Amino acid sequence: MTGSGTILVMAGAREAHGIVVRLRERGRDVIASLPEPERSFDPLPVPTRVGPFAHQMDLNDWMVAQKVTSVIDASHAFDAELSCMAAMICGARDLRYLRVLRPPWRASRLDTWNSYRSVKRAAQDIPPGARVFSNTGRATLDEFKGFRGRVLFLRQTQPQTEPPPFKFVTYVEGTPPFSQGDEEMLFRELRISRLICRNVGGSASISKLLAARRLGLPVAMIERPAPPPASTVVETVSEALAWEANA
């Protein structure tokens, strides 16, 4: 099936905004979906569904109702379940599917990184007494049940009305973007001894890693899940637009 109908842009990553804007400029019929409201970007300039899909059938039925003929998946790098659902639907219905994933961060010789497949596994390796900073989000808190450090500082970009579920957790509120200098100052103030972060790649949030490098802090890097099997993957907005133009 060709891309002459509605294009669904699955948003969540920064690239989704560039893709939507450029597709609109081309006169394409575009809709978007977001698993949750975004806090760091302007609203997408197209009709946008906000909220998770409980099941694959829910996503399928919504795509049918919206007359979707192709999907550009620019969701968050760690929204693997949602990406797999979309890819399976497209495969079953002969729709075009593209996964957009920016290149991951790579450690330099100046970095001290250990790679993990999950936050849970990284938390289990935290030594006693460690003062840890993480920006993996409130949704990952259950994975810290085995945490043995002294305190976990968890970044929050919105004020929280409920207390943390564990006594070792302290929320640190802040509004991005954060400069390298801001991060260095924060890590010094909190006496951070280790950083946990997910490998989302890109320049927008690399400042914490540059700060960790400058301060000599070890990093527990949560590696991103693999994209859906047999899917076409590109890294940039330009490549995604070229893919759409070749429909």
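Five aromatic pairs occur in the structure, which is a predicted model. One of them joins Phe 53 and Trp 62. Phe 53 has a relative accessibility of 13%, so Phe 53 counts as buried. Trp 62 has a relative accessible area of 16% and is buried as well.

A tilted pair is also formed by Phe 133 and Phe 187. Here the centres are 5.1 Å apart and the planes stand at 55 degrees. Phe 133 belongs to strand 7, residues 131–134. Phe 187 belongs to helix 5, residues 180–190. The pair therefore ties together parts that are 54 residues apart in sequence. Both Phe 133 and Phe 187 are buried. Elsewhere, one aromatic cluster takes in Phe 144, Phe 147, Phe 166 and Phe 168.

Aromatic rings also meet charged side chains. The charged end of Arg 155 sits over the ring of Phe 178, at 3.7 Å from the ring centre. Arg 198 lies over the face of Phe 78, and the distance to that ring centre is 5.0 Å.

Arg 198 is placed in strand 10, residues 194–198. Its relative accessible area is 23%, so Arg 198 is partly exposed; a buried residue would have to fall under 20%. Leaving aside residues up to four places away in sequence, Arg 198 touches His 76, Phe 78, Trp 105, Asn 135, Thr 136, Thr 140, Met 221 and Ile 222. Arg 198 and Leu 154 are 44 residues apart in sequence, and their C-alpha atoms are 13 Å apart in space.

Strand 5 pairs with strand 4 and with strand 12. Strand 4 and strand 5 run parallel and are joined by four bridges. In this pairing, Ser 70 has Arg 96 of strand 5 as its bridge partner. Strand 5 and strand 12 also pair in the parallel sense, over three bridges. There, Arg 99 stands opposite Val 233 of strand 12.

Five of the five residues of strand 5 are buried, so strand 5 is largely enclosed by the rest of the structure. In a regular strand, side chains alternate between the two faces of the sheet. In strand 5, Arg 96, Leu 98 and Val 100 point one way. Tyr 97 and Arg 99 point the other way. All of these residues are buried.

Helix 3 also packs against strand 5. Just after helix 3, Asp 94 takes a positive phi of about 60 degrees.

The buried residues of helix 3 are Leu 82, Ser 83, Met 85, Ala 86, Ala 87, Ile 89 and Cys 90. An α-helix has 3.6 residues a turn, so residues three or four places apart point the same way. The buried residues of helix 3 pack against strand 1 (6–10), helix 2 (56–65), strand 4 (68–73) and strand 5 (96–100).

Leu 82 is one of these buried residues. With a relative accessibility of 17%, Leu 82 counts as buried because the limit is under 20%. Apart from residues up to four places away in sequence, Leu 82 touches Met 10, Phe 53 and Leu 59. Leu 82 and His 55 are 27 residues apart in sequence, and their C-alpha atoms lie 9.4 Å apart in space.

Notes. Residues numbered from 1 in each chain as written. Predicted model: local features only at pLDDT ≥ 70, side-chain atom pairs only at ≥ 80, totals over all residues. Heavy atoms only, no water. Buried < 20%, exposed > 50% of the residue type's maximum accessible area, 1.4 Å probe, protein only. Helix = DSSP H or I, 4+ residues; strand = E, 2+ residues; numbered from the N terminus. Contact = heavy atoms within 4.5 Å. Pairing = 2+ DSSP bridges. Phe/Tyr/Trp six-rings, centres within 6.5 Å; stacked < 30°, edge-to-face > 60°. Lys NZ or Arg CZ within 6 Å of the ring centre and 35° of its normal.
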